[in-house]
Amino acid sequence: MYFIVDNGRAIVIDPHQSDELHALLTSQDINDILILLTHEHPDHTSGVNWVRTFADSTVICQDFCAKSIAIEKNNRPVLLFFILAEQDRINNTNTADEFNKIFPQYVCVADITFSQEYIHQWQGRTIKFLSTPGHSKGSAVIIFDEMMIFTGDSLLKKIPAITRFPGGSTKDYNNITLPFLKSLDEDMLCFPGHGDEGTLKEIFHDF
(Lines give C-alpha, C1' and ligand atoms only; values in the text may rest on other atoms or scores of the structure.)
Protein backbone atom coordinates (compact mmCIF):
# COMPACT_ATOMS: atom_id res chain seq x y z
CA MET A 1 0.00 0.00 0.00
CA TYR A 2 1.13 3.54 -0.77
CA PHE A 3 -0.46 6.82 0.23
CA ILE A 4 0.00 10.48 -0.63
CA VAL A 5 -1.35 13.35 1.46
CA ASP A 6 -1.69 16.85 0.03
CA ASN A 7 -3.60 19.85 1.34
CA GLY A 8 -6.37 18.02 3.15
CA ARG A 9 -6.81 15.25 0.61
CA ALA A 10 -5.22 11.86 0.16
CA ILE A 11 -4.56 9.13 -2.35
CA VAL A 12 -4.30 5.51 -1.24
CA ILE A 13 -2.97 2.95 -3.71
CA ASP A 14 -3.90 -0.72 -3.22
CA PRO A 15 -5.22 -0.27 0.34
CA HIS A 16 -5.24 -2.74 3.18
CA GLN A 17 -6.44 -2.13 6.72
CA SER A 18 -3.88 -0.16 8.73
CA ASP A 19 -4.25 1.45 12.14
CA GLU A 20 -1.23 3.61 11.34
CA LEU A 21 -2.81 5.01 8.17
CA HIS A 22 -6.14 5.58 9.91
CA ALA A 23 -4.43 7.50 12.71
CA LEU A 24 -2.54 9.66 10.23
CA LEU A 25 -5.59 10.51 8.14
CA THR A 26 -7.84 11.24 11.10
CA SER A 27 -5.17 13.35 12.82
CA GLN A 28 -5.11 15.56 9.73
CA ASP A 29 -8.91 15.52 9.41
CA ILE A 30 -8.75 14.00 5.91
CA ASN A 31 -12.02 12.56 4.67
CA ASP A 32 -11.62 12.94 0.90
CA ILE A 33 -9.62 9.99 -0.43
CA LEU A 34 -8.91 8.81 -3.94
CA ILE A 35 -8.41 5.02 -4.02
CA LEU A 36 -6.34 3.74 -6.93
CA LEU A 37 -6.00 0.05 -7.73
CA THR A 38 -3.20 -1.51 -9.77
CA HIS A 39 -5.11 -4.77 -10.19
CA GLU A 40 -7.82 -7.02 -8.81
CA HIS A 41 -5.97 -9.48 -6.54
CA PRO A 42 -7.18 -9.46 -2.91
CA ASP A 43 -3.83 -8.45 -1.41
CA HIS A 44 -4.25 -5.18 -3.34
CA THR A 45 -7.97 -4.55 -2.73
CA SER A 46 -8.75 -5.81 0.78
CA GLY A 47 -8.78 -2.32 2.31
CA VAL A 48 -11.09 -0.58 -0.15
CA ASN A 49 -14.25 -0.96 1.92
CA TRP A 50 -12.33 -0.26 5.13
CA VAL A 51 -11.23 3.15 3.80
CA ARG A 52 -14.81 3.89 2.83
CA THR A 53 -15.96 3.41 6.41
CA PHE A 54 -14.25 6.62 7.49
CA ALA A 55 -13.82 8.73 4.35
CA ASP A 56 -15.59 9.86 1.21
CA SER A 57 -13.77 7.87 -1.44
CA THR A 58 -13.59 7.46 -5.20
CA VAL A 59 -12.19 4.21 -6.59
CA ILE A 60 -10.42 4.15 -9.96
CA CYS A 61 -9.31 0.96 -11.71
CA GLN A 62 -9.19 -0.86 -15.03
CA ASP A 63 -12.46 -2.31 -16.40
CA PHE A 64 -11.71 -5.98 -15.76
CA CYS A 65 -10.41 -5.16 -12.29
CA ALA A 66 -13.73 -3.46 -11.52
CA LYS A 67 -15.73 -6.45 -12.78
CA SER A 68 -13.62 -8.88 -10.77
CA ILE A 69 -13.79 -7.10 -7.41
CA ALA A 70 -17.58 -6.79 -7.74
CA ILE A 71 -17.87 -10.60 -7.43
CA GLU A 72 -17.49 -11.95 -3.90
CA LYS A 73 -15.78 -15.23 -4.76
CA ASN A 74 -12.97 -13.38 -6.54
CA ASN A 75 -11.96 -11.51 -3.40
CA ARG A 76 -10.53 -14.45 -1.51
CA PRO A 77 -6.81 -15.21 -1.32
CA VAL A 78 -7.45 -18.83 -2.29
CA LEU A 79 -3.79 -19.76 -2.75
CA LEU A 80 -2.87 -18.56 0.73
CA PHE A 81 -5.82 -20.41 2.25
CA PHE A 82 -4.79 -23.68 0.60
CA ILE A 83 -1.23 -23.24 1.87
CA LEU A 84 -2.49 -22.66 5.41
CA ALA A 85 -4.84 -25.63 5.17
CA GLU A 86 -1.99 -27.89 4.09
CA GLN A 87 0.14 -26.66 6.97
CA ASP A 88 -2.77 -27.36 9.30
CA ARG A 89 -3.00 -30.89 7.98
CA ILE A 90 0.69 -31.48 8.61
CA ASN A 91 0.95 -29.66 11.93
CA ASN A 92 -2.52 -30.43 13.31
CA THR A 93 -3.23 -26.71 13.68
CA ASN A 94 -6.21 -24.52 12.79
CA THR A 95 -4.70 -21.44 11.14
CA ALA A 96 -6.83 -21.66 7.96
CA ASP A 97 -10.08 -21.32 9.91
CA GLU A 98 -8.64 -18.47 11.96
CA PHE A 99 -7.57 -16.76 8.75
CA ASN A 100 -11.13 -17.02 7.39
CA LYS A 101 -12.50 -15.35 10.51
CA ILE A 102 -10.31 -12.26 10.13
CA PHE A 103 -10.52 -12.08 6.33
CA PRO A 104 -14.22 -12.14 5.43
CA GLN A 105 -15.47 -12.16 1.87
CA TYR A 106 -16.32 -8.80 0.37
CA VAL A 107 -17.30 -7.00 -2.81
CA CYS A 108 -16.06 -3.61 -4.00
CA VAL A 109 -17.59 -1.05 -6.32
CA ALA A 110 -15.41 1.06 -8.62
CA ASP A 111 -16.50 4.60 -9.45
CA ILE A 112 -14.30 5.31 -12.46
CA THR A 113 -13.08 2.63 -14.85
CA PHE A 114 -11.16 2.57 -18.10
CA SER A 115 -10.20 0.08 -20.80
CA GLN A 116 -6.75 1.10 -22.03
CA GLU A 117 -5.91 4.55 -20.71
CA TYR A 118 -7.32 7.21 -18.40
CA ILE A 119 -6.03 10.59 -17.20
CA HIS A 120 -7.15 12.11 -13.91
CA GLN A 121 -6.30 15.52 -12.47
CA TRP A 122 -5.71 15.69 -8.72
CA GLN A 123 -4.36 18.58 -6.66
CA GLY A 124 -2.60 20.05 -9.69
CA ARG A 125 -1.04 16.71 -10.60
CA THR A 126 -1.68 14.62 -13.69
CA ILE A 127 -2.29 10.95 -12.96
CA LYS A 128 -2.15 8.63 -15.96
CA PHE A 129 -3.49 5.08 -15.86
CA LEU A 130 -2.43 2.56 -18.50
CA SER A 131 -3.59 -1.03 -18.89
CA THR A 132 -0.69 -3.50 -18.51
CA PRO A 133 -2.02 -7.05 -19.00
CA GLY A 134 0.04 -10.08 -18.11
CA HIS A 135 0.06 -10.49 -14.36
CA SER A 136 -3.73 -10.23 -14.50
CA LYS A 137 -6.38 -9.06 -16.94
CA GLY A 138 -7.11 -5.99 -14.84
CA SER A 139 -3.54 -4.86 -14.23
CA ALA A 140 -2.60 -1.23 -14.79
CA VAL A 141 0.23 1.11 -13.94
CA ILE A 142 -0.28 4.55 -12.42
CA ILE A 143 2.04 7.39 -13.47
CA PHE A 144 2.27 10.71 -11.59
CA ASP A 145 3.40 13.73 -13.63
CA GLU A 146 5.66 11.48 -15.73
CA MET A 147 7.97 11.40 -12.71
CA MET A 148 6.99 8.31 -10.72
CA ILE A 149 5.18 5.09 -11.52
CA PHE A 150 3.27 2.60 -9.37
CA THR A 151 3.51 -0.76 -11.11
CA GLY A 152 1.56 -3.11 -8.87
CA ASP A 153 2.74 -6.63 -9.66
CA SER A 154 3.53 -5.86 -13.30
CA LEU A 155 7.10 -4.97 -12.37
CA LEU A 156 8.93 -5.99 -9.19
CA LYS A 157 12.56 -5.57 -8.24
CA LYS A 158 14.58 -8.81 -8.57
CA ILE A 159 11.40 -10.85 -9.14
CA PRO A 160 10.02 -11.59 -12.63
CA ALA A 161 6.33 -10.78 -13.05
CA ILE A 162 4.11 -13.78 -12.32
CA THR A 163 1.82 -14.59 -15.24
CA ARG A 164 0.60 -18.06 -14.29
CA PHE A 165 -2.33 -16.99 -12.10
CA PRO A 166 -5.88 -17.12 -13.56
CA GLY A 167 -6.23 -14.23 -15.98
CA GLY A 168 -2.49 -13.94 -16.44
CA SER A 169 -0.80 -14.10 -19.83
CA THR A 170 2.90 -14.47 -20.55
CA LYS A 171 2.23 -13.53 -24.17
CA ASP A 172 0.48 -10.27 -23.26
CA TYR A 173 3.16 -9.43 -20.72
CA ASN A 174 6.04 -10.00 -23.15
CA ASN A 175 4.35 -8.40 -26.16
CA ILE A 176 2.53 -5.48 -24.55
CA THR A 177 3.50 -4.67 -20.99
CA LEU A 178 7.23 -5.31 -20.89
CA PRO A 179 8.03 -3.30 -24.06
CA PHE A 180 5.91 -0.42 -22.75
CA LEU A 181 7.67 -0.38 -19.37
CA LYS A 182 11.06 -0.47 -21.06
CA SER A 183 10.07 2.50 -23.24
CA LEU A 184 9.65 4.79 -20.24
CA ASP A 185 12.28 7.19 -18.91
CA GLU A 186 14.77 5.01 -17.04
CA ASP A 187 15.15 7.70 -14.37
CA MET A 188 11.45 7.53 -13.44
CA LEU A 189 11.01 6.47 -9.81
CA CYS A 190 9.24 3.12 -9.58
CA PHE A 191 7.11 1.91 -6.65
CA PRO A 192 6.30 -1.81 -7.08
CA GLY A 193 3.43 -3.68 -5.48
CA HIS A 194 5.89 -5.64 -3.33
CA GLY A 195 9.50 -5.09 -2.37
CA ASP A 196 11.87 -2.16 -2.73
CA GLU A 197 11.41 0.90 -4.88
CA GLY A 198 14.03 2.37 -7.23
CA THR A 199 14.42 4.00 -10.60
CA LEU A 200 13.26 2.00 -13.59
CA LYS A 201 16.92 1.64 -14.54
CA GLU A 202 17.63 0.05 -11.16
CA ILE A 203 14.59 -2.19 -11.32
CA PHE A 204 15.44 -3.48 -14.78
CA HIS A 205 19.09 -3.94 -13.82
CA ASP A 206 17.96 -6.57 -11.30
CA PHE A 207 15.18 -7.95 -13.50
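**Aromatics and backbone**

Tutor: Y2, F144, F150 and F191 make up one aromatic cluster. Keep in mind that the model is predicted.

Student: How many aromatic pairs are there in the whole structure?
Tutor: The search finds eight aromatic pairs. One of them is F114 with Y118, which is stacked, at 6.4 Å centre to centre and 15° between the planes.

Student: Is F114 buried or exposed?
Tutor: F114 is at 4% relative accessibility, so F114 counts as buried. Y118 is at 21%, so Y118 counts as partly exposed; the cut-off for buried is under 20%.

Student: And what about F114 and F129, why is that pair tilted?
Tutor: Their ring centres are 5.6 Å apart and the planes are at 50°, so the pair is tilted.

Student: Changing topic. What is the phi of D14?
Tutor: About 55°, which is positive, although D14 is not a glycine. Most residues other than glycine have a negative phi.

Student: Where is D14?
Tutor: D14 sits in the loop between β2 (9–13) and α1 (19–27). D14 counts as buried because its relative accessibility is 5%.

Student: What about the phi of N92?
Tutor: N92 also is not a glycine and has a positive phi, about 60°. N92 lies in the loop between α4 (78–91) and α5 (95–102).

Student: Buried or exposed, N92?
Tutor: N92 counts as exposed, because its relative accessibility is 72%.

Note on methods:
Residues are numbered from 1 along each chain as its sequence is written. This is a predicted model: local features need pLDDT of at least 70, side-chain atom pairs count only at pLDDT 80 or more; totals for chains, interfaces and linings use all residues. Side-chain values use heavy atoms; hydrogens and water are left out. Helices (H or I, at least four residues) and strands (E, at least two) are DSSP runs, numbered from the N terminus. Buried means under 20% relative accessible area, exposed over 50%, partly exposed in between (1.4 Å probe, protein chains only). Rings of Phe, Tyr and Trp (its six-membered ring) pair if their centres lie within 6.5 Å; planes under 30 degrees apart count as stacked, over 60 as edge-to-face and the rest as tilted.
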